[in-house]
Amino acid sequence: MPLSTRLEQAQKMQLSPTQIQLIKMIELPTTELRQRINEELIENPMLEEGIDELEKDITPEENNYNQEDDCSDIYGEETGEDPLQNDDFDYNQYVEDDELPDYRYKTNNYSPDDDYEQAPVVAGTTFHDYLLEQVGLLPLTDEEAEIATYIVGNLDNKGFLTRTTEQMVDDLAFYFGINVNDNLMEAMVEKIRHLDPPGVASRNLRECLLFQLRNKPTTPAVELAITLVDKFLEDVERHHYERLQKRLNISEDNIKQAIKVIISCNATPSSSFSGDKYETQRTQIIPDFRVETYNDEITVSLCDQDIPPLRLNKEYIDLLNQMQSLPSKKTADNRAGIRFIRQRMESAKWFIDAIRQRNETLLKTMQAIVVFQHDYFLEGDDCYLRPMILEDIAQMTGFDPSTISRVSNSKYVQTDFGIIPLKHFFSESLTNNEGTAVSSREVKKVLRELIDNEDKRHPLNDDKLVALLTAEGYVIARRTIAKYREQLGIPVAGQRKKLSK
């Protein structure tokens, strides 16, 4: 077949460097943004922290939202477009040979309360490290210490040992050249099992509970608890207490006392105690936004006190000007140096501009959410949440729904009612008997209240919940009740059943 060439016209989407940077920046919460900035400061010598000396005295603009303002007042015609779709960024203006203006980055959205302190990120000692510290205190030979360390390394996140003795013996021989018999391996597992917290290195829940129960002082309640866990654990988990009373011919008070003993045990050894030494990593949530209400006026701001202002390195700009003014600027080395500084300058400009657009995008999105959920931010009650989807905020801001999704992902807002994830404000709608659309958040709140107030001896099943919600004016299907109940982490009626107090 002869080869031929032809021209063909086609359309395709190509993102600019700023758009690529912006996509990545929008998804970052405040804590990760600070880390990303630190990485860029290390990698790019053209970038540095600081504000232009000539612009230090500029008064920060206020980012206030008043309920009388409409969306056009907040966003404006010039800034309401999605930066990911309408990018007028011209990087050529940043690499001119003559005048290179300094660029400052400063987010003018601080709250009047300048004393606000960011919650620190706290890293604690891992659960496995805590166990290894105890292993180091045991009177073990070098071989036993290696075996014990290997066993601790095979514990899962719950503190259970899911591997069999044979598997661990084979692995030690194959990977580490340590020959261990089954008896020694089991003896070392038993030593680990006696470390703190109780029940660690158990094979399953039954073994974990039995280990703890058998180490309690012997009482009738403890003995009955051991029998229940050893032979009837599934019935205990399903709250089939009446069935257990009949099978064991015991009174309700007896089984009640035994259940209390079981509940006092740790079902998950790794989380049995509070404190840094039992946590793999504990990170306090740092909000990305702050919404404050005063005299029915709502103020929206970014929590970016820990984000430094960025600018181009003036020394490198001066160096570039000097290199361009040299008579020998056409030499290969000089051209390579000029090219390197220009490339770094472009990268720094793209990075600064991406952060600026990120903050503008986040702030406009949060302002739109406040406009949409105005009554909620005044009252703090989920019943005031309106049904809201990504498309609603996208239409208000002019952004694409995918941009709104990126903004709302992993972001939190500090309100007068606590720190709330942005995803909390998005919910589907349902229709009540009056034909008015209500938020699924409102329905979930009513559902939780019904379950919290139910008779735990005779908990409400999904059919009864449907009837009660219908009586409250919410038209809802049984499968939707089941879905909401699962989303709220509420088990089925049989598992919510409790004995009388």
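Q: Which residue takes a positive phi just after α11?
A: In this predicted model, that residue is Asn249, which sits just after α11 and has a phi of about 55°.

Q: And α11 itself, which of its residues are buried?
A: The buried residues of α11, a helix that covers residues 241-248, are Tyr241, Leu244 and Gln245. They cover an arc of only 105° around the axis, which puts them on the same side of α11.

Q: What do the buried residues of α11 pack against?
A: They pack against three helices, namely α9 (220-231), α10 (233-237) and α12.

Q: Take α12, then: at what angle do the axes of α11 and α12 cross?
A: The axis of α11 and that of α12, a helix made of residues 252-263, cross at roughly 115° and come within 10 Å of each other. As for the hand, α11 passes α12 in a right-handed crossing.

Q: Which residues meet there, on α11 and on α12?
A: From α11 the residues are Tyr241, Leu244 and Gln245, and in α12 they meet Glu252, Ile255 and Ile259. Sorted by class, this contact of α11 with α12 has four nonpolar residues, one polar residue and one charged residue.

Q: Switching to α4, which residues are buried in that one?
A: In helix α4, which takes in residues 127-135, the buried residues are Phe127, Tyr130, Leu131, Gln134 and Val135. Seen down the axis of α4, these buried residues fall within an arc of 150°, so they line one face of the helix.

Q: What covers the buried residues of α4?
A: The cover includes α5 (142-153) and also α7.

Q: Now α2, how far apart are its end C-alpha atoms?
A: The end C-alpha atoms of α2 are 20 Å apart, and this agrees with expectation, because the 14 residues of the helix (residues 30-43) should span 20 Å at 1.5 Å a residue.

Q: Which residues of α2 are buried?
A: Thr30, Leu33, Arg34, Ile37, Glu40 and Leu41 are the buried residues of α2. They cover an arc of only 125° around the axis, which puts them on the same side of α2. On the other side of α2, by contrast, Ile42 and Glu43 are exposed.

Q: Back to the backbone: which residues does a cis peptide bond join?
A: A cis peptide bond joins Asp196 and Pro197, with an omega of about 5°. Pro197 belongs to the loop that runs between α7 (182-193) and α8 (205-214).

Q: Then Ser410, what about its phi?
A: Ser410, which is not a glycine either, has a positive phi of about 60°. Ser410 is placed in the loop between α17 (401-408) and β8 (412-415), and at 39% relative accessibility it counts as partly exposed.

Q: Last topic, the whole chain: how many helices and strands?
A: The secondary structure of the protein chain comes to 21 helices and eleven strands. Of its 501 residues, 43% are buried. Among the contacts in the chain with a separation of 6 or more, 71% are between residues 24 or more positions apart.

Conventions:
Residues numbered from 1 in each chain as written. Predicted model: local features only at pLDDT ≥ 70, side-chain atom pairs only at ≥ 80, totals over all residues. Heavy atoms only, no water. Helix = DSSP H or I, 4+ residues; strand = E, 2+ residues; numbered from the N terminus. Expected span 1.5 Å × (residues − 1). Buried < 20%, exposed > 50% of the residue type's maximum accessible area, 1.4 Å probe, protein only. Arc of directions from axis to C-beta. Axes fitted to C-alpha atoms, helices over the stretch in contact; angles between N-to-C directions. Left-handed = near helix turned anticlockwise from the far one by under 90°. Contact = heavy atoms within 4.5 Å. Nonpolar A, V, L, I, M, F, W, Y, C, P; charged D, E, K, R; others polar.
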